[in-house]
Amino acid sequence: MGKKGNKDNNFQGNIISKLPVKECAHCIGCPARLYTPNEFIVYGKGNVCSPIMFIIYDSYKHKQDNINLLKDVYQELFQKDIFEEHYVTTAVKCECSNEILMQSFMYCRYFLTTELTTILPRKIIIIGNIRLNFGNEYKTYYLPNIYSLLYGEQNIAKFKERLIEAIYD
């Protein structure tokens with residue numbers, strides 16, 4: 001079960017670890033490590049006591065676009081800041097290209113699992129083209145990558161419907 005608390009006191013900016021990718025034992029062998037020698041592992045941001053965690057699965061190139069679009073859609077639908085209400089993180093914790101996204105995620109899964117066991121959400125909403133299995137502990141919903149929906153009004157409307165369903169189910 002998710003933790004309860006005063007939402008005003010739970011908001012955090014991105015949590016950037018002090019552990020450089022090049023020194024992390026979990027990152028040894030990761031193909032993204034070649035592209036991020038001076039990068040640090042970056043966790044998510046938002047309400048750490050939220051019962052809902054959003055996970056964005058996309059390359060570094062579109063990761064921030066997806067987060068910004070999710071923030072805008074959430075604001076439009078609920079008139080609230082998603083980061084004050086929920087915790088938003090990414091599946092891959094450093095810079096990564098589409099070609100090595102899945103291989104990189106295999107190395108980042110440890111960090112994502114750490115976030116899950118710290119935040120303890122009741123629900124996970126995964127945005128992107130991936131199916132993740134975290135067991136039966138979490139109710140999991142899958143939504144398409146928002147960035148790829150930009151050019152279709154019907155697609156955006158369907159995404160909004162599915163987002164509302166996932167949040168209120």
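**Figure 1. Salt bridges of the predicted model.** A salt bridge is a side-chain nitrogen of Lys or Arg within 4 Å of a carboxyl oxygen of Asp or Glu, and the structure holds two of them. This is a predicted model, in which local features need pLDDT of at least 70 and side-chain atom pairs count only at pLDDT 80 or more, while totals for chains, interfaces and linings use all residues. Residues are numbered from 1 along each chain as its sequence is written, and side-chain values use heavy atoms, with hydrogens and water left out. Side chains of opposite charge can pair when their charged atoms come close.

**Figure 2. The salt bridge between Glu-76 and Lys-160.** The side chains of these two residues meet with an N to O distance of 2.5 Å. Glu-76 lies in helix H1 (residues 60-78) and Lys-160 in helix H4 (residues 153-168), so the pair ties together parts that are 84 residues apart in sequence; helices (H or I, at least four residues) and strands (E, at least two) are DSSP runs, numbered from the N terminus. Glu-76 is partly exposed, at a relative accessible area of 47%, whereas Lys-160, at 16% relative accessibility, counts as buried. Here buried means under 20% relative accessible area, exposed over 50%, and partly exposed in between, with a 1.4 Å probe and protein chains only.

**Figure 3. The salt bridge between Asp-169 and Lys-139.** The closest N and O atoms of this pair are 3.3 Å apart. The pair links distant parts of the chain, with Asp-169 in the segment after H4 and Lys-139 in strand S8 (residues 139-143), 30 residues apart. Lys-139 is partly exposed, its relative accessible area being 42%.

**Figure 4. Helix H3 and its bend.** Helix H3 spans residues 101-119 and bends by about 50° at Tyr-107, the bend at a residue being the angle between axes fitted to the seven residues ending there and the seven starting there. Among the buried residues of H3 are Leu-101, Phe-105, Cys-108, Phe-111 and Leu-112. The buried residues of H3 pack against strands S3 (40-42), S5 (52-56), S6 (87-90) and S7 (123-127), where contact means heavy atoms within 4.5 Å. After H3 comes Leu-120, whose phi is positive, near 55°.

Figure 5. Ile-127 is buried, with a relative accessible area of 1%. Leaving aside residues up to four places away in sequence, Ile-127 touches Phe-54, Ile-55, Ile-56, Tyr-57, Leu-70, Leu-143, Pro-144, Asn-145, Ile-146 and Phe-159. Thr-90 and Ile-127 are 37 residues apart in sequence, and their C-alpha atoms are 9.3 Å apart in space.

**Figure 6. The largest cavity and its lining.** On a 1 Å grid over the protein atoms alone, a cavity is a set of points where a 1.4 Å probe fits but cannot get out, and lining residues have an atom within 4 Å of a point. By this rule there is one cavity of 30 Å³ or more, and the largest cavity has a volume of about 40 Å³, a volume being the space filled by probe spheres set on grid points that are joined across faces, edges and corners. The lining of the largest cavity includes Cys-27, Cys-30, Arg-33, Lys-93, Cys-94 and Cys-108. Cys-108 is also one of the buried residues of H3.

Conventions:
On a 1 Å grid over the protein atoms alone, a cavity is a set of points where a 1.4 Å probe fits but cannot get out, and a pocket is an open set with protein on both sides within 12 Å along at least five of seven lines; lining residues have an atom within 4 Å of a point.
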